[in-house]
Amino acid sequence: MTIDRGRVRWQCRRALLELDLVFARFLDRHFDRLSDDQLADLDDLLRCDDYDIWGMVNGSKPCEEQRWKEMIALLREP
Amino acid sequence: MNVAKRTFDAVIVGAGGAGLRAALQLSEAGLKTAVLTKVFPTRSHTVAAQGGVAASLGNSTEDNWHWHMYDTVKGSDWLGDQDAIEFMCKKANEVVVELEHYGMPFDRTDNGKIYQRPFGGHSMNYGQAPVMRSCAAADRTGHAMLHALYQRNVRANTQFFVEWMALDLIRDADGDVLGVTALEMETGEISIFHAKATIFATGGSGRIYYSSTNAFINTGDGVGMAARAGIPLEDMEFWQFHPTGVAGAGVLITEGVRGEGGILRNASGERFMERYAPNLKDLASRDVVSRAMTTEINEGRGCGPDKDHVLLDITHLSPENIMKRLPGIREISIQFAGVDPIKAPIPVVPTCHYQMGGIPTNYKGQVVVPKDGNPNAPVSGFYAAGECACASVHGANRLGTNSLLDLLVFGKSAGETVVEDFQSGQLKLKPLPSDAADVSLARIARLEGQTNGESVHEVGLEMRRTMQKHAGVFRFDNLLKEGVQKIAEVAERAKHTEIKDKSKVWNTARVEALELDNLIEVARATMVSAEARKESRGAHVRDDAPDTAENPNGRDDANWLKHTLWYSEGNRLDYKPVNLKPLSDDVEPIALAKRTY
């Protein structure tokens with residue numbers, strides 16, 4: 001099943017401003033170049049709670065899923 | 001164009017705390033209820049509320065609703081309606097205990113009761129001493145609340161329309177509300193949601209400001225829809241600001257940083273708070289600090305190429321201390337300001353946080369407008385709750401932890417009123433006018449056909465910059481007057497926005513253009529209302545309305561103890577009295593007094 005890029009882009013809108021800012025930067029820099037596999041990883045990560053994603057991005061929480069690690073690294077880029 | 005129609009007993013727009021609480025009331029009473037939401041319910045901005053929810057349970061210290069009511073009226077600088085405030089404070093225990101029964105994981109005392117912590121502005125015995133009134137789930141209160149309410153709604157069979165954006169309110173020739181039009185993002189199709197009752201719970205509109213703590217979804221959709229449909233907006237000049245948001249980003253830097261020794265500096269490196277508050281300096285209260293920062297920026301002593309912020313300096317603290325005591329702040333600064341505060345100061349600016357005004361309602365959650373001499377005549381079929389609504393319990397300034405209480409109490413109350421009106425047969429499914437979807441279809445068609453138009457991003461940026469400069473935390477008559485003109489020009493430009501991507505499916509550019517239409521209404525309302533109010537009250541502080549013996553804190557009760565009503569059509573203002581009379585005889589009115597802490 002193909003993942004709709006537009007849907008994933010919209011789902012980068014989050015409940016916390018911190019994440020909106022991080023994802024806005026990510027969307028500008030990386031989103032259009034993501035492979036289908038990377039897009040699937042991002043789609044999976046986006047199912048997490050906002051505080052969990054923010055914790056992984058700010059380093060206060062370890063990233064436990066192997067498949068999220070690449071996305072978290074891209075999101076962490078200052 | 002053929003528009004699909006769906007029919008429900010009730011449609012709720014927004015699935016944050018207020019929308020979910022209202023939905024629960026309806027679904028559990030057996031009403032066929034639809035909830036429209038732009039994002040998945042548990043990703044609503046209620047998640048960001050950390051402080052807790054106020055209720056005079058008296059678990060940790062002695063407390064009662066009379067004291068809570070007094071604190072709320074005083075906090076509102078007497079602009080809050082005392083009937084609604086009495087209702088909210090009296091209902092607080094009930095809605096918190098209900099939430100506990102829904103499985104909300106509140107912090108506990110040793111004997112198993114809900115633990116309560118102190119919070120600014122809340123007191124015992126009418127301002128005598130701090131009280132422990134805030135019920136919290138660690139620092140995730142809003143998050144836990146939203147999850148508990150969502151689960152309960154799933155159980156009650158509430159029907160969610162996730163990733164749907166409501167576009168316009170549908171009113172008939174009598175002015176009655178018959179539902180909304182909405183855009184399904186996945187298909188790009190427009191539908192009509194025809195209902196006996198429509199509840200708006202769309203949250204705040206803080207994205208009108210350049211510096212805002214609000215998430216990107218907070219675009220004032222309900223407020224904008226109501227304004228376009230002819231409903232006046234109440235008290236939109238009142239916005240709560242936090243002194244230290246990261247400049248250009250808005251993310252909050254907690255007051256704790258100044259508590260640890262952080263110093264505010266202007267462009268020449270001067271510790272300017274020494275001039276404004278010689279004793280407390282950087283630890284002065286929020287409004288004093290915000291005002292000093294604004295004055296420095298307005299007088300040309302701001303930092304950066306645009307001289308539009310000041311600096312929060314902690315470079316004199318030891319790196320070990322910063323790493324140990326302020327690790328989150330260091331991360332925020334690196335992420336959002338691009339500076340490591342161990343090495344360089346953090347750029348900060350007063351930042352918009354909470355909207356006190358909104359769609360006028362009474363304590364029952366009914367939307368009310370002036371009609372035939374009654375300043376508060378209910379609009380049949382229309383209800384609102386939470387930050388988008390103005391009951392008015394926060395008046396000119398909100399107390400921390402009263403916002404989560406507001407959305408629980410008035411979400412439930414709006415739901416109860418709808419259920420009562422439904423069961424008594426008062427609510428009927430009135431026939432849809434033939435042009436029910438025309439306004440929305442015209443907006444969409446305008447966007448489709450626009451050529452040589454304005455960029456949504458550019459117009460939005462101009463709006464946010466104009467609001468920040470001309471209607472910020474500390475206000476000046478000349479800036480407000482210019483602001484009224486400027487925001488009218490921005491609103492004119494917003495009528496000609498153009499999107500390059502004309503596709504239908506998941507077209508986020510189109511959604512953002514439609515959101516801007518809502519924000520523009522809020523921005524106009526705020527600027528015009530603020531320019532007109534020639535006093536200082538609560539969060540609305542004017543340079544030309546200072547603290548005098550005649551007008552303590554610049555507040556002018558003789559002329560301005562009244563609610564503002566702004567109408568989009570004609571950009572006109574009206575006013576209505578503040579209700580200084582409580583709901584019942586259980587309590588005397590809280591008499592006017594100077595607001596000092």
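How many aromatic pairs are there over all chains? The count comes to 18, taking rings of Phe, Tyr and Trp (its six-membered ring) as a pair if their centres lie within 6.5 Å.

## Ground rules

This is a predicted model, in which local features need pLDDT of at least 70 and side-chain atom pairs count only at pLDDT 80 or more, while totals for chains, interfaces and linings use all residues. Residues are numbered from 1 along each chain as its sequence is written, chains are lettered from A and ligands numbered from 1 in the order in which they are written, and side-chain values use heavy atoms, with hydrogens and water left out.

## Aromatic pairs

A pair of aromatic rings is described by the distance of the centres and the angle of the planes. Planes under 30 degrees apart count as stacked, over 60 as edge-to-face and the rest as tilted. Trp54(A) and Phe336(B) make a stacked pair, at 5.8 Å centre to centre with 25° between the planes. Trp54(A) sits in helix α4 (residues 50-58) of chain A and Phe336(B) in helix α10 (residues 327-337) of chain B, so this pair joins two chains. Helices here are DSSP runs of H or I with at least four residues, strands are runs of E with at least two, and both are numbered from the N terminus. Both Trp54(A) and Phe336(B) are buried (under 20% relative accessible area, with exposed being over 50% and partly exposed in between, for a 1.4 Å probe and protein chains only).

Trp560(B) and Tyr575(B) have ring centres 5.5 Å apart and planes at 75°, so that pair is edge-to-face. Helix α16 (residues 557-560) of chain B holds Trp560(B) and strand β24 (residues 572-577) of chain B holds Tyr575(B), so the pair ties together parts 15 residues apart in sequence. Trp560(B) is buried at 11% relative accessible area, whereas Tyr575(B) is partly exposed at 24%. There's also a cluster: ring pairs link Phe8(B), Phe161(B), Trp164(B) and Phe193(B).

## Cavities

Searching the whole structure turns up two cavities of 30 Å³ or more. A cavity is a set of points, on a 1 Å grid over the protein atoms alone, where a 1.4 Å probe fits but cannot get out, and lining residues have an atom within 4 Å of a point. Grid points are joined across faces, edges and corners, and the volume is the space filled by probe spheres set on the points.

The largest cavity has a volume of about 50 Å³. Its lining has 13 residues, with Gly386(B), Ala389(B), Cys390(B), Ala391(B) and Asp406(B) nearest the centre. By class, that's eight nonpolar, four polar and one charged (Ala, Val, Leu, Ile, Met, Phe, Trp, Tyr, Cys and Pro are nonpolar, Asp, Glu, Lys and Arg charged, and the others, Gly among them, polar). The second largest cavity comes in at about 40 Å³, and helix α15 (residues 508-532) of chain B gives the most to its lining, with three residues.

Back at the largest cavity, β18 (389-390) and α11 of chain B each supply at least two lining residues. Helix α11 (residues 402-423) of chain B has 22 residues, 18 of them buried, so it is largely enclosed by the rest of the structure. α11(B) is followed by Gly425(B), with a positive phi near 85°.

Chain B also has an open sheet of three strands, ordered β3-β5-β4 with antiparallel pairing (strands pair if DSSP finds at least two bridges between them). β3 (53-54) and β4 (116-124) of chain B stand at the edges with a single partner strand each, so one side of each lacks a neighbour in the sheet.

Key
The expected span of a helix is 1.5 Å times one less than its number of residues. On a 1 Å grid over the protein atoms alone, a cavity is a set of points where a 1.4 Å probe fits but cannot get out, and a pocket is an open set with protein on both sides within 12 Å along at least five of seven lines; lining residues have an atom within 4 Å of a point.
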